[in-house]
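Visitor: Could you walk me through this model, residue by residue where needed? I will jump between topics as questions come up.

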Amino acid sequence: MDQFPNDATGDALNEFKKNGFDLTKPMEIDFFIVIPSEEIGEKISTEVKRLGYKVSIEQDNDTREWTCYCTNTMIPFYDDIIKIEEGLNNIASQYGGYTDGFGSFGNF
């Protein structure tokens with residue numbers, strides 16, 4: 001696998017590699033959208049589901065902040081992740097939300 005760019009996305013993908021994830025095989029990746037409220041999360045969720053993502057909305061017990069988790073099964077190509085984050089951010093920003101990274105538990 002080639003070296004990733006020196007940015008947050010590249011750092012996350014390097015962490016995936018360090019954790020033993022096979023970056024040539026599909027995995028469920030959760031993209032995080034910080035949202036101002038559950039109601040806003042429902043609106044964003046409707047749009048994101050149309051794009052084929054599984055979506056859940058959760059509130060952190062400690063911080064009380066809301067997050068919309070958008071899950072996609074994919075091979076984690078750097079350019080694809082960048083495009084997904086940009087697309088999700090375009091949706092989120094219409095409602096006062098913003099993307100805040102991604103994560104995975106690895107390959108199945």
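Visitor: What does Gly103 touch, not counting residues up to four places away in sequence?

Guide: Gly103 touches Phe16, Glu28, Ile29, Asp30 and Phe32 once residues up to four places away in sequence are set aside, where contact means heavy atoms within 4.5 Å. Before going on, please note that this is a predicted model, in which local features need pLDDT of at least 70 and side-chain atom pairs count only at pLDDT 80 or more, while totals for chains, interfaces and linings use all residues. Residues are numbered from 1 along each chain as its sequence is written, and side-chain values use heavy atoms, with hydrogens and water left out.

Visitor: Where is Gly103, and is it buried or exposed?

Guide: Gly103 has its place in strand 4, and helices (H or I, at least four residues) and strands (E, at least two) are DSSP runs numbered from the N terminus. Its relative accessible area is 14%, so Gly103 is buried; buried means under 20% relative accessible area, exposed over 50%, and partly exposed in between, with a 1.4 Å probe and protein chains only.

Visitor: And how far is Gly103 from Phe16, C-alpha to C-alpha?

Guide: The two are 8.6 Å apart in space, C-alpha to C-alpha, although 87 residues apart in sequence.

Visitor: What about Ser104, what does its side chain reach?

Guide: The Ser104 side chain reaches the backbone oxygen of Glu28 at 2.7 Å and the backbone nitrogen of Gly106 at 2.9 Å. A polar contact here is a pair of N or O atoms within 3.5 Å; within protein, one must be able to donate a hydrogen and the other to accept it, and residues adjacent in sequence count only if both atoms are side-chain atoms. Ser104 sits in strand 4, residues 98-107, and counts as buried because its relative accessibility is 15%. Leaving aside neighbours within four places in sequence, Ser104 is in contact with Phe16, Phe21, Met27, Glu28 and Ile29.

Visitor: Which residues does Tyr98 contact, and how exposed is it?

Guide: Tyr98, also in strand 4, counts as partly exposed because its relative accessibility is 45%. Apart from neighbours within four places in sequence, Tyr98 is in contact with Phe32, Ile33, Val34, Asn89 and Ala92.

Visitor: Then Thr99, what does it touch?

Guide: Thr99 touches Phe32, Ile33, Glu85, Leu88 and Asn89, not counting residues up to four places away in sequence. Thr99 and Thr67 are 9.4 Å apart in space, C-alpha to C-alpha, and 32 residues apart in sequence.

Visitor: Switching to helices, how do helix 2 and helix 3 pack?

Guide: Helix 2 (residues 38-50) and helix 3 (residues 78-93) pack at an angle of about 145°, with their axes 10 Å apart; axes are lines fitted to C-alpha atoms, for helices over the stretch in contact, and angles run from 0 to 180 degrees between N-to-C directions. The contact is made by Ile44, Glu47 and Val48 of helix 2 together with Leu88, Ile91 and Ala92 of helix 3.

Visitor: Is Val48 buried or exposed, and what does it contact?

Guide: Val48 is buried, since its relative accessible area is 0%. Leaving aside neighbours within four places in sequence, Val48 is in contact with Tyr53, Val55, Cys70, Leu88 and Ile91.

Visitor: Which residues touch the most other members of the largest nonpolar core?

Guide: Phe31 and Ile44 do, out of 27 residues, a nonpolar core being a set of buried Ala, Val, Leu, Ile, Met, Phe, Trp, Tyr and Cys residues joined through side-chain atoms within 4.5 Å. The elements giving two or more residues to this core are helix 1 (8-18), strand 1 (27-35), helix 2, strand 3 and helix 3, and the largest share, six residues, comes from helix 3. Not counting residues up to four places away in sequence, Ile44 touches Ile33, Ile35, Cys68, Ile91, Ala92 and Tyr95.

Visitor: One last thing, where is Arg64 found?

Guide: Arg64 is found in the loop between strand 2 (54-59) and strand 3 (66-74), and the phi of Arg64 is near 70°, a positive value in a residue other than glycine. Arg64 counts as partly exposed because its relative accessibility is 46%.
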